[in-house]
Amino acid sequence: MLQNMFAHKRTLSFEVFPPKKDGDFESAFQVMDELGKLSPDFISVTYGAGGSRAGKTVEIASYIQNTLGIDAVAHVTCVGSSRESLLGVAESLKEQNVRYALALRGDRPKDMTDEQFASRDFEHASDMMEFLGGSTDLIMAGACYPEKHYESFSMEADLNHLKKKQEAGAKFLISQMFFDNDYYYSFLEKAQKKGIDIPICAGIMPITSARQLGTTITLSGSSIPKALSDLIAAYGDNKDDMRKAGIDYAIRQIRDLQENGVNDIHIYAMNKPKATGEITAAIYR
């Protein structure tokens, strides 16, 4: 249960993604095996836009839950999903003994018309969270944004919406990736003042290539501090050096968080068990 997941003084969790091709499942399971050896408290599994990979998410989550014996948190998105389809996903998760779901609005599918988007069953993740919380046995988690969601017009508005997620039944939160801890500390202070008192996991993305950083910023909207941009400038052209520097940056970022009382760490593992293992060994040695 949730109490056990956050019972430790320090909580460590990872995010992984399901394979794009059915033939890649064997290698994906091997990745999960390696990550499982690092003894995380839970592993979250991403979800395709509009539910396009729902079955794969369930399969990977089932392996984590039932074969590895680690709590799986399945991402569930609502932007392209009907109530009926979501109930179907929830039933599939229940059949596989997966009890946790991370409720996300998700990205609009490319083939979704304006009419379909305007008439979708759920406008916000909090709407879906309330629906699933009242219709299923899933334990719900929510996402939060230390630098606010890119579509929100202010941090105040974003925090108000985050409070709605807690009121809709979210039992814990996982943050979007961030690279400047000062933003996170400020966010935690503001969230506390709003009465948001559920556990919050700090999302850390190891940047191991200059190309990855560009893609990450496009997807997350996270700002880049000078220390990280200088690192890219110095090591971006050397694959091995960039990898080492990126892992070191993530380690220093996590250590600073822990020294300042942030003990729930969520690593965006990107299905890279070696890099994740190096970080884990450094922060828990």
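This is a predicted model: local features need pLDDT of at least 70, side-chain atom pairs count only at pLDDT 80 or more; totals for chains, interfaces and linings use all residues.
**H7 against H8**

H7 spans residues 155-167 and H8 spans residues 181-193. Their axes cross at roughly 55 degrees and come within 10 Å. Axes here are lines fitted to C-alpha atoms, for helices over the stretch in contact, with angles from 0 to 180 degrees between N-to-C directions. Helices (H or I, at least four residues) and strands (E, at least two) are DSSP runs, numbered from the N terminus.

I noted the hand of the crossing as well: H7 passes H8 right-handed. Right-handed means that the near helix is turned clockwise from the far one by less than a right angle, left-handed anticlockwise.

Which residues in H7 and H8 meet? From H7 I found Met155, Leu159 and Leu162; from H8, Phe187, Lys190 and Ala191. Contact means heavy atoms within 4.5 Å. By class, I count five nonpolar, no polar and one charged residues. Nonpolar takes in Ala, Val, Leu, Ile, Met, Phe, Trp, Tyr, Cys and Pro; charged is Asp, Glu, Lys and Arg; the others, Gly among them, are polar.

**Numbering and cut-offs**

I number residues from 1 along each chain as its sequence is written. Local features need pLDDT of at least 70 and side-chain atom pairs count only at pLDDT 80 or more, while totals for chains, interfaces and linings use all residues, and side-chain values use heavy atoms, with hydrogens and water left out.

**Cysteines**

I searched for disulfides (cysteine sulfur pairs within 2.5 Å). The structure holds zero. For Cys78, the nearest cysteine sulfur is that of Cys144, 17 Å away. Cys78 is buried at 0% relative accessibility. Buried means under 20% relative accessible area, exposed over 50%, partly exposed in between (1.4 Å probe, protein chains only). For Cys201, the nearest cysteine sulfur is also that of Cys144, at 8.6 Å. Cys201 is buried too, at 0%.

**H12**

I then checked helix H12, residues 273-283. Its buried residues include Ala275, Gly277 and Ile279. The buried residues of H12 pack against strands E1 (11-16) and E8 (264-268), and against helices H2 (25-36) and H11 (239-259).

**Positive phi**

Lys148 is not a glycine, yet its phi is positive, about 70 degrees. I place Lys148 in the loop between strand E5 (139-144) and H7. Lys148 is partly exposed, at 26%.

Asn271 also has a positive phi, near 55 degrees. Asn271 sits in the loop between E8 and H12. Is Asn271 buried or exposed? At 16% relative accessibility, Asn271 counts as buried.
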